[in-house]
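Please have the sequence and the structure at hand.

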Amino acid sequence: MDNRTLLDDVRFGFVDRRTPAEKILNPRLISNEKPDTMHRAIRDELRRAESFSFSVAFISASALALLKEDFLEFVARGGRGEIITSNYLDFNEPTMFRELLGLEGITVYVHDDEHGGFHPKGYVFHDPGEVSAIVGSANLTPHALIHNREWNLKFSTSYDGDIALQLEDAVRLQRTRGTLLTEEWIARYEQTRRTRVLIAPAAAPNAGHIVANAMQREALDGIGKLRQAGEKKALIISATGTGKTILAALAVKEMAPRRVLFIAHRGEILSKSRTEFQRVLGGADNDYGLLVGGHNDADARYVFASVQSLNSRDAYRQFAPDTFDVIVVDEVHRGAAASYRTLIDYFRPGFLLGLTATPERTDGGNIFELFDYNVPYEIRLQVALDNDMLAPFHYYGVTDYETDDGELIEDTTQLSHLVSHERLAHILRTLETYGHAENVRGLIFCSRVEEAVELSNGLNQSKINGRLVTTVALSGKDSPEVRDAALRRLDAGELDYILTVDIFNEGVDIPSVNQVVMMRNTQSSIIFTQQLGRGLRKAAGKDHLRVIDFIGNYTNNYLIPVALFGDNSRNKDSIRKKIIDAAEDNTISGVSSVNFTKVARQRIFASLAVARIDGVAEFKKDIAALQSRLGRVPRLLDFARFDTADPYVLATRRTDHYWDLLVKAKLAGAPSPRASEFLKFLSRELLHGKAPQELLLLQRLLSGGPCSVAEFTNILEAHHAAYSPADLSVVERVLSLEFFTEGAYKMEGVVTLADGVYRLDPTFVETYRGNLEFRTHVDDVIETGLFLSRERGFTGGELKVGNKYSRKDVSRLLRLESNQEGTLNGYKVDKYSATIPIFVNYHKAEDVDASIAYEDKFLDTGTMKWFTRSNRTLRSGEVCDILADELPIHLFVRRDDTEGRDFYYLGLVHPSQPEQTTMPHTGQHVVTMHLTLEQPLTEEFLGYLQSKS
């Protein structure tokens with residue numbers, strides 16, 4: 001930055017806030033009010049700094065994991081850094097120091113702080129033109145960087161400023177008083193350090209005195225309401241590790257039953273569940289019996305039985321069907337299996353309670369139906385993480401091994417390549433870079449049993465961080481005893497990793513697992529989440545999980561963000577945006593984070609571009625899944641409320657409307673041609689909710705008859721929607737079909753305006769009143785469109801920076817005279833609406849004609865070099881209109897035409913530096929100019945646009 005920018009920004013911040021300034025280097029108070037977090041500020045500074053100096057008393061390994069990819073990219077650019085910390089209060093873990101020691105390009109100094117007092121929290125960044133610093137209250141821990149209420153002052157100064165010299169002196173003094181971090185220093189610290197457990201195991205409460213937390217109380221209230229309503233079944237959906245067994249015990253305690261049966265599929269689960277129930281319910285040991293293996297405590301008050309033992313020789317028949325007042329079925333998503341179904345059909349308990357983390361099934365079984373569609377409580381992974389019920393995780397999507405010829409591991413790669421010395425070396429380097437520095441307890445999920453065995457053999461002859469690796473490979477052929485023995489060894493620290501394919505996807509409780517490595521194609525988001533969940537339980541001494549995902553050239557790579565972000569919308573734009581946003585702010589769900597290397601990110605984008613995630617077959621699955629949940633054919637509003645498939649995508653991507661899709665799914669009879677055409681119009685033009693004004697008018701007319709313009713204006717004002725004469729004019733022209741080209745729809749319109757009064761078209765009214773199914777679909781479209789408008793922030797009915805719009809959307813939202821999607825190419829000086837929309841396809845198709853192959857490009861995050869049409873000069877009328885900058889100029893950009901018809905809206909721009917030149921291949925006249933954005937892009941979004949698919 002030049003001195004002028006710095007002076008203006010400093011004056012704006014410290015002297016007079018009315019000073020015109022770019023507000024790039026102005027002082028700011030960072031208090032972790034999102035999006036202005038310390039984490040975001042540090043990442044932003046690291047991206048533009050040449051060097052840094054951190055002086056921080058307390059640092060956690062989880063914070064290093066949070067910033068790991070940023071440090072790696074910083075060093076890869078040639079940056080150099082130093083971190084000064086201490087052993088103050090023995091807070092810092094030896095494993096954290098070892099991870100610091102392994103950060104190449106970053107020098108670490110330690111203050112041996114025997115007398116206490118080393119307590120700084122300062123972050124200094126050196127840029128070519130200035131020094132920036134953040135000084136305040138935040139240590140280098142995830143909560144201090146993201147959630148804690150902190151006060152940190154960020155400011156900038158020139159190198160000649162006195163405060164810059166003070167910062168330099170302070171860092172130099174701390175450096176000279178510190179000791180260079182070495183393995184020898186860590187070893188001494190380890191011997192003398194007072195033991196400090198970051199996450200202590202909870203003290204065992206007195207039996208019978210466990211108190212429900214807020215979320216458990218919500219679940220118990222829900223179960224209580226069902227029981228009061230006479231229901232006898234309930235399904236609890238609770239993410240792995242969120243304490244659903246304790247919840248079940250609390251629910252049983254409230255029911256005060258005489259006898260209880262708890263069913264699960266593994267003896268280990270039964271033993272642990274028996275212990276948990278006794279902690280909640282109290283009572284003598286002989287009240288709690290096992291019916292599994294060699295145990296047959298059938299007379300116990302609380303029987304904990306395996307499904308296999310109950311079915312063996314019909315052992316369940318030793319009990320009368322009404323023996324148990326309450327039956328609890330764990331992992332009940334298995335309940336459609338014959339062994340479970342036999343038990344559920346036989347017993348007649350006073351209340352049947354099912355527990356599961358993943359109720360969705362792929363075998364056609366309907367778990368919800370088993371429980372009469374009663375779901376009083378549901379907590380999924382993201383919500384559980386937000387509420388600190390699970391250990392946070394840091395995910396790293398890295399590129400799998402690539403040969404010298406550029407070939408990447410893919411679905412059909414031969415086993416010899418999967419276990420080659422070169423791939424093993426790549427795996428070792430990656431585990432050393434992203435994994436825990438020591439005390440690893442990891443699971444590695446492989447694509448084939450043979451791969452797991454060979455990689456285990458290779459790892460056992462290798463070192464990570466100077467230590468020999470110890471692993472074992474397990475498969476479905478291994479006995480339960482062999483598996484349990486391996487798990488005990490892992491938990492005790494005798495093994496670093498267990499390698500397997502999928503035998504640990506569910507039903508295994510290994511709280512100490514702190515590293516999950518994925519070396520396989522993601523076949524489904526459910527399996528991905530199950531494997532991730534193996535490491536999310538909290539445990540003593542474990543403050544986070546690390547997930548290392550080796551991303552090859554797999555067709556299903558798009559499922560990774562679907563699973564990580566919980567995005568089941570089937571909307572590619574929504575998934576892309578989450579990936580881009582993650583590059584900008586990598587935190588999700590509490591203090592967890594998602595990090596992709598640039599190459600891995602491109603692999604996912606490439607997979608997403610060609611993936612068929614929005615076909616009729618996929619939509620049928622979504623309908624069936626929600627139908628299983630609800631016990632009826634779902635409406636569009638159901639998809640919106642349950643945050644599953646995007647209703648607009650569902651209704652219009654492959655069909656004209658949702659009724660049409662239900663016909664293809666054989667769930668409805670065909671509508672009449674007239675009803676179909678009305679629904680086609682409503683679905684395609686209004687359902688997305690980007691312009692709620694038409695929906696509000698239809699809602700009013702259908703519920704209350706004719707409506708005056710004045711009344712409608714009041715409705716729009718009350719809903720905070722735009723209501724200028726131009727806005728009303730567009731509403732009238734859209735609903736009367738005047739906005740569209742002739743023949744776009746085979747009908748006369750939906751609304752008419754005469755004498756200042758809106759009325760519904762008589763044909764539409766006749767169809768609406770005479771056909772209940774049509775009326776249901778119309779109401780559904782209107783309700784869903786307004787729901788989406790509220791949820792997505794479109795209530796104003798105006799363009800929003802960062803969202804995507806088609807040329808038809810732009811015609812509507814800029815109040816053009818008509819839909820001009822067929823002719824709105826490049827740009828238009830539109831005198832009717834007094835606007836200038838500009839559309840840029842950033843990467844032109846290879847076969848595009850040379851005469852329109854404009855080399856539009858961003859020069860930086862705030863400036864685009866833009867070309868007018870060919871055969872234009874500085875004297876051309878449209879060029880003069882643009883350069884006059886009297887009409888608002890709106891910029892819309894998409895990366896390339898593989899992204900579909902929609903463009904990202906980048907906001908208003910202002911032209912400057914016009915130059916008349918010629919097209920390089922045709923010699924035709926053209927004018928170039930700079931377009932300056934009022935809202936600059938983020939570095940991440942600019943990188944996305946500049947990268948090729």
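Leucine 753 has tyrosine 758, in β29, as its bridge partner. The model is predicted: local features need pLDDT of at least 70 and side-chain atom pairs 80 or more, while totals for chains, interfaces and linings use all residues. Residues are numbered from 1 along each chain as its sequence is written, and side-chain values use heavy atoms, leaving out hydrogens and water.

**The sheet**

β28 and β29 are antiparallel and share four bridges; strands count as paired if DSSP finds at least two bridges between them. Helices (H or I, at least four residues) and strands (E, at least two) are DSSP runs, numbered from the N terminus. The open sheet has three strands in the order β27-β29-β28, with antiparallel pairing. β27 and β28 are at the edges with a single partner strand each, so one side of each has no neighbour in the sheet.

**The helix α31**

α31 covers residues 762-770, and its buried residues are Phe764, Val765, Thr767 and Tyr768. They fall within an arc of 165° seen down the helix axis, so they line one face; the arc is that of the directions from the axis to the C-beta atoms. The face turned away carries the exposed residues Pro762, Glu766, Arg769 and Gly770. Buried means under 20% relative accessible area, exposed over 50%, and partly exposed in between (1.4 Å probe, protein chains only).

The buried residues of α31 pack against these elements, where contact means heavy atoms within 4.5 Å:

| Element | Residues |
|---|---|
| α27 | 673-686 |
| α28 | 692-704 |
| β29 | 757-760 |
| α32 | 772-791 |
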